[in-house]
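Subject: Structure for your review

Dear colleague,

Please find the structure below, handed over for your study.

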Amino acid sequence: MKIINLPIPEPVKEILIKSGIVELYPPQEEAIKAGALEGRNLVLASPTASGKTLVAEFCALKHILEKNGKIIYLTPLRALANEKFDEFKKYTSIKKDDSRRIRIGISTGDFDSSDPWLERYDIIITTNEKADSLLRHRAKWMDEISLVVADEVHLLNDAERGPTLEVVLARLMQINPDIQVLALSATINNVQEIAEWLKADYVTTEWRPILLKEGVLLHEEIQFKDGDARKIEKETRNPAINLALNTVKSGGQALIFAATRKNAVMLAKKVAGEIEQVLSKPIKRALEHEAERILAASERTRISELLAELVKRATAFHHAGLGGSHRKLIEDSFREGKIKVLTATPTLAFGVNLPARTVVIQDYRRYEPGYGYYPISVLEYKQMAGRAGRPKYDKVGEAILIAKTADESDYLMESYILAKPERIWSRLAVERILRSHVLATIAADFAHTERGIYDFFGRTFYAHQCEIGAIKGIIAKILKYVYDEEMIDVSGENIYATEFGKRVSELYIDPVSAVIIRNALRKKLAYITDLSLLHMIAHTPDMGPIMRPYSRELDAIAVFMEEHKPEFMVDAPDEWEDRITYEQFLGEVKTAMVLKGWIEEMTEDEIIEKFRTQPGDLYRTIENAKWLLYATHELASLFGNKGILPKTAELMERVEKGVKKELLPIVKLEGIGRTRGRILYNSGYKTIEDIKLASIEDLMNLPLIGPKLAKKIKEQVGGFVKKEIWEKLEKEEVWKQKALTEY
Amino acid sequence: MFKIKMADAKLLRDMVTAISILVDEATFKIDQKGLKLRAMDPSRVAMVDFEWPKTVFDEYTTTEPTKMCINISEMLKLLKRAGKDEVVELSLDEKTGKLQIKITGKYARNFTMPTLEASEEEVPTPKITFNVKAKATTQGLSQAIEDAQLVSDHVRIEADNEKLVLNAAGDLMGATITLQKGSDALLDLEAKEPSKATFSLSYLSEIIKEASATSDIATLEFSTDMPIKLDFQQAKEGKLTFYLAPRIETE
């Protein structure tokens, strides 16, 4: 089937053909035959890189140009939303009937807003969580959606993200019964079941653009699924590294999945030690530049220095402990072929698309803090293996598991390579997760009777797979809880959300968090400090990632806790009564200590050193703290607790910027963060007025503030600058090396 | 399958050295007409366009068009073993997929090395209208670049119908090198309009230094703030051309 013959709008064909897409891949053909272009609901299950997104593009543009429709595109991760946004951007040159251009919008942030501005967009790309929060705000434009694309729908199986996705789909189908649903999924066992739930047809294929060879390495020999075998050179004692080096020597890239972050880092260090000799001068020249970008991307820490050192040797690690900007840089330079070996934790397999010629699964076990090691699922294995083979660069992709003994080799072949992926199960039936969805169902007017609530949950994937009866008990328990906590009110048959309940639903927090915040606000403490609030939010179930105190720091945290006892808004559990709860509590105190360190201007490196917390975790803690402080602020104003508002507002800002109170006025300037803000302050520029009066030469001479930034500061604050100096600065040459591909 | 032979190993070695400045894995296309390579450096700042018709070789047989990708620095290590006036022969063993390098002279050496998976990426030629065309000796050019390198890591190249000027400005020092039209170094110069562009010296100096070993005369073509094209005239038939993207002033 050729693009030119498809029943899609002409300008779309033109854009695709121009970009080199002429012929459809088999899964795309099947999706079209199944009626995707005629508005039929469809589940398309097919491997990574088999072209599922293009089917979504066809449908989306048909909806816009032929039916005046509106599309919402759901992805599980922010990074994926950005990826899709970039892919859809190519269509913004097309004009619609009303002679306006097609507009693509992306919205992934702020959960407490209905984003009315999104109304102007034709395609809205968003995360499942953001879509859920938009539904809670009953954004008006959501009633106009004619097509929903749900990407990576196999994540229904994910304990955290799955339930949100099924609730969002159920709600969208409820508000708009004529909506077309297009669900994209990896190959899974029970596609049919998902299709039945969505009232959809389904297409499932194993087709891949590049041949995938799966095998197990035992000692120096790879045994492939198809019966082939190959010896590899033994260069080190680590088989994963040997595989990677072999691939790099033959001109490919390797991706190694390790069980833990620590293992990923260790492996990367070892690879870097071995790879040097195979790197050529041109590639080293390119890598120097990449390393500089890594160092410039954030505050300098031992982690960014290590990463830069590794990148110079074409190696890097990738895990959730890295900050977003570093992850993005690593992903880009791996895609550009500069980084040759990437070690990663399994989370990468569920994230952005980073194919490599060889995928090595060093450990088929996965480590979860608090649970220990457990074997990965076949579905997870298939996701990792599916990353093997780079379109346009590789003819064959190889995915290799590593065995230590012949028995283990047989086990891996049987249980992973030859095994079928597991069925996907709904993860909705958990009280902690259902709680906020039950409240939202009432608060956002999806149902106003007990029966209506059961009706709604009767439309979920859970109800389709199991029986709504099985969660009636949990729902009833939740209703009682939110009633007792005054989030809902009942009159006869009807159930209404109170102001409190409505706000909790909109703020996108767990009702339990809301109760903790409310109770804390009611408490009359002698004095409320930063620590009081930071600890209180750390105590809510919405704070994450959970920090576990290391055994050597337990005592120090306990001492800190005793010293600051009067400041806590939540009572500490008894150490001897319940040890587990007690240690959990210490973990919350630790989170509060980390946040306190952050707003007292400890450097990132000091935080890493003192708390052994990695930047990625720190940034996520900060994100969550900002959101929970905002919720605290909003609830305090709802309850008329005016006294605390200045405090919460200030703390929110300090957590966002990571500064002491005195820096708040100057870090408002663009280009001034916590580090430069401190430099200005300590040099005597304590207010905007001081900076306005400062001479530009003096600013330029401060460390980390060059002519360019000094000029930018002056543009913002004003003040007098000598004409000659300003003109010289205007002329200040900033050079940029262009790429040949730009011509 | 192919087999090619060259009586002068040095010629091949110099050419591979010139290519190795930019490329670590090189995909050669070999067909009835000859040997070709077009590739960009990993940073995508420069590209090399190389062609040797079969007449350059002393023996050239090929059955069907072939693509062969090799690690260029590995190949260079082997080629460096060849002395002056030794004969070098390259052939691809189809069964093993290995490249054989046979060097004969004082004694016979037979190396094999693996070939890599060829990249399918097509490298397009940048589309540029050039306003300046200058013909210079590679020797003169090398010296001018060396001068500039003493003071800076980038150089501005400027030309009108009279002269070609290299301007290098470092943090503290500066240099201006002028090549007059018709001088020993600058054989010819045509400028449709006066033009200037700035380039990274680390690329420019290596390209000129290594390519000079294969050529005495180079043709430079450029326009204001556009990539430069450096064509190194070959003693026998064939072509060795480099493109280098400029550094642009922003804001």
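The notes below set out what was found.

This is a predicted model, in which local features need pLDDT of at least 70 and side-chain atom pairs count only at pLDDT 80 or more, while totals for chains, interfaces and linings use all residues. Residues are numbered from 1 along each chain as its sequence is written, and chains are lettered from A and ligands numbered from 1 in the order in which they are written.

The domain assignment, which is automatic or from a database, divides chain A into domain 1 (3–204), domain 2 (211–417), domain 3 (442–496), domain 4 (511–658) and domain 5 (666–731). Between the C-alpha centres of domain 3 and domain 4 of chain A there are 32 Å.

Strand β6 of chain A covers residues 180–185, and six of its six residues are buried. Here, buried means that 20 or more other C-beta atoms, placed from the backbone, lie within 10 Å of the residue's own; helices (H or I, at least four residues) and strands (E, at least two) are DSSP runs, numbered from the N terminus. In a regular strand, side chains alternate between the two faces of the sheet. On one side of β6(A) are Gln180(A), Leu182(A) and Leu184(A), and on the other Val181(A), Ala183(A) and Ser185(A).

Strands pair if DSSP finds at least two bridges between them. β6(A) pairs in the parallel sense with β1(A) (residues 42–45) over four bridges, and Leu44(A) stands opposite Leu184(A). β5(A) (residues 147–150) also runs parallel to β6(A), joined by four bridges, with Leu147(A) opposite Gln180(A).

The largest nonpolar core has 143 residues, and Val43(A), Val149(A), Leu182(A) and Ala183(A) have the most contacts inside it. Such a core is a set of buried Ala, Val, Leu, Ile, Met, Phe, Trp, Tyr and Cys residues joined through C-beta atoms within 7 Å. Its largest share, nine residues, comes from helix α23 (residues 579–599) of chain A. Apart from this core lies another, of 76 residues, including Leu740(A) and Leu141(B).

How many residues does each chain give to the contact between chain A and chain B? Chain A gives 25 residues and chain B gives 37, where contact means C-beta atoms, placed from the backbone, within 7 Å. On the side of chain A that touches chain B, the largest share, five residues, comes from α10(A).

Yours sincerely

Notes. Buried ≥ 20, exposed ≤ 12 C-beta atoms within 10 Å, placed from the backbone. Contact = placed C-beta atoms within 7 Å.
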